[in-house]
Amino acid sequence: MNKDLRSLTNASKLASILSRRYGLPTLAVIWALCPSVTFAEDDAILPLGAYRLEMIMASTTRVPFFGTSKSASKSISLLDIRREGGGLVQSHKVCDFRVLEDSAMIKMVFPEKFIAALGNHTYPIHLEKDTQGWRYRADLGLERIGYKDGGDGGKVPTKIDDPVVYDWDGDGRPGATLKLSVPLLPDGELYVVQRGHSILNGRMTQPGNIHGAIEYKTFEQRVLGAWPSFLNQSPEIVPDPKASRFTITPLPPGSTCETVKKSQDGSKTEDIAR
């Protein structure tokens, strides 16, 4: 072990003690205790650049007239990790969003305009060393879908004509549109609003590779309208953190959403880079 790495290890142990005692960020204590440890060591733990973020979000849903079922959806995003000031931040753009498991009665589809409207999100990354290795945490923040903040404490609107509801995905209908397929009936649409706040908690399995769980601070969805009208019922959705998870894996420089989608289909990223 070279001198810098020995310094980093010793500083990490002392920093962990000081961090617990005084509530200071572990990495900040490391840099203060060990000036010879530069950003280069930090970047070796989680190299800067492009990554693939996959999130599996599981839940239990109770739909009026159709009963209760377990469901899961998967989002894949193009992730960019960079340094800003003295810390790391990451930005992600959702490239694909699909349902993995549906009830036997209802099949839900996320239209392309819904996926495109999810936009870009930027937030800080927190890394901390413990006895088992490096811990990773990223708070994705509060996300509103289908409505704007009305200054009322973040309450989800209940009426389609509420002034905070707008055509979020640009398809000419209020709120966000989800498509439904019901046996023996024409395909339907739900016009919904959502409010969610989740946190990624994971561990580094090797430099640049992270696996972990999704912590749900809050999740609310309300159906404001539907076609056919009998679908205008708000399901009760309860996130299942035990079955929800995420992975982060490196991508070649210059990767795009197309790269991410190909990696989802089983193509090797090193082949895509050629």
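Start by selecting R173: at 31% relative accessibility, R173 counts as partly exposed (buried is under 20% relative accessible area, exposed over 50%, partly exposed in between, with a 1.4 Å probe and protein chains only). Before you click on, note that this is a predicted model, where local features need pLDDT of at least 70, side-chain atom pairs count only at pLDDT 80 or more, and totals for chains, interfaces and linings use all residues. Residues are numbered from 1 along each chain as its sequence is written, and side-chain values use heavy atoms, with hydrogens and water left out.

**Around R173**

E189 and R173 form a salt bridge, with the closest N and O atoms 3.0 Å apart (a salt bridge is a side-chain nitrogen of Lys or Arg within 4 Å of a carboxyl oxygen of Asp or Glu). E189 lies in strand β8 and R173 in the loop between β6 (133-145) and β7 (176-181), so the pair ties together parts that are 16 residues apart in sequence. Helices (H or I, at least four residues) and strands (E, at least two) are DSSP runs, numbered from the N terminus. E189 counts as buried, at 11% relative accessibility.

How many salt bridges does the structure hold? There are 10 salt bridges. For another one, pick R203 and D130, whose side chains meet at 2.6 Å, N to O. R203 is in strand β8 (residues 188-206) and D130 is in strand β5 (residues 120-130), so this pair ties together parts 73 residues apart in sequence. Both ends are partly exposed: R203 at 28% relative accessibility, D130 with a relative accessible area of 21%.

Then hop to R144 and D149. Their salt bridge has its closest N and O atoms 3.8 Å apart. R144 is partly exposed at 26%, and D149 is partly exposed at 49%.

**Along β8 and β9**

Switch to a cartoon view and colour β8 and β9. These strands run antiparallel and are joined by 17 bridges (two strands pair if DSSP finds at least two bridges between them). To get your bearings, select Q194; the bridge partner of Q194 in β9 is Q221. Next, go to the turn: β8 and β9 form a hairpin with two residues between them, and G208 in the turn has a positive phi of about 85°.

The C-alpha atoms of P207 and A44 are separated by 6.8 Å, although the two are 163 residues apart along the chain. A44 sits in helix α3 (residues 39-45) and counts as partly exposed at 47% relative accessibility.

β9 has another partner to colour. Strand β11 (residues 245-250) pairs with β9 in the antiparallel sense over four bridges, and I210 stands opposite I248 in β11.

Which peptide bond is cis? Select W227 and P228: the bond from W227 to P228 is cis, with omega near -5°. P228 is in the loop between β9 (209-227) and β10 (236-239). For context, most residues other than glycine have a negative phi, and most peptide bonds are trans.

**Into β3**

Jump to S91, in strand β3 (residues 87-101). Buried or exposed? S91 is buried, with a relative accessible area of 14%. The S91 side chain makes a polar contact with the side chain of R82 at 2.9 Å (a pair of N or O atoms within 3.5 Å; within protein, one must be able to donate a hydrogen and the other to accept it, and residues adjacent in sequence count only if both atoms are side-chain atoms).

Step along to H92, also found in strand β3. H92 counts as buried at 5% relative accessibility, and its side chain makes a polar contact with the side chain of Y123 at 2.7 Å. Leaving aside neighbours within four places in sequence, the residues in contact with H92 include L53, S77 and G119 (contact means heavy atoms within 4.5 Å).

**Last stop: the disulfide**

Finish with C95 and C257, which form a disulfide with their sulfur atoms 2.0 Å apart (a disulfide is a pair of cysteine sulfur atoms within 2.5 Å). The pair links distant parts of the chain, C95 in strand β3 and C257 in helix α5 (residues 257-264), 162 residues apart. C95 counts as buried, at 6% relative accessibility, and the structure holds one disulfide.
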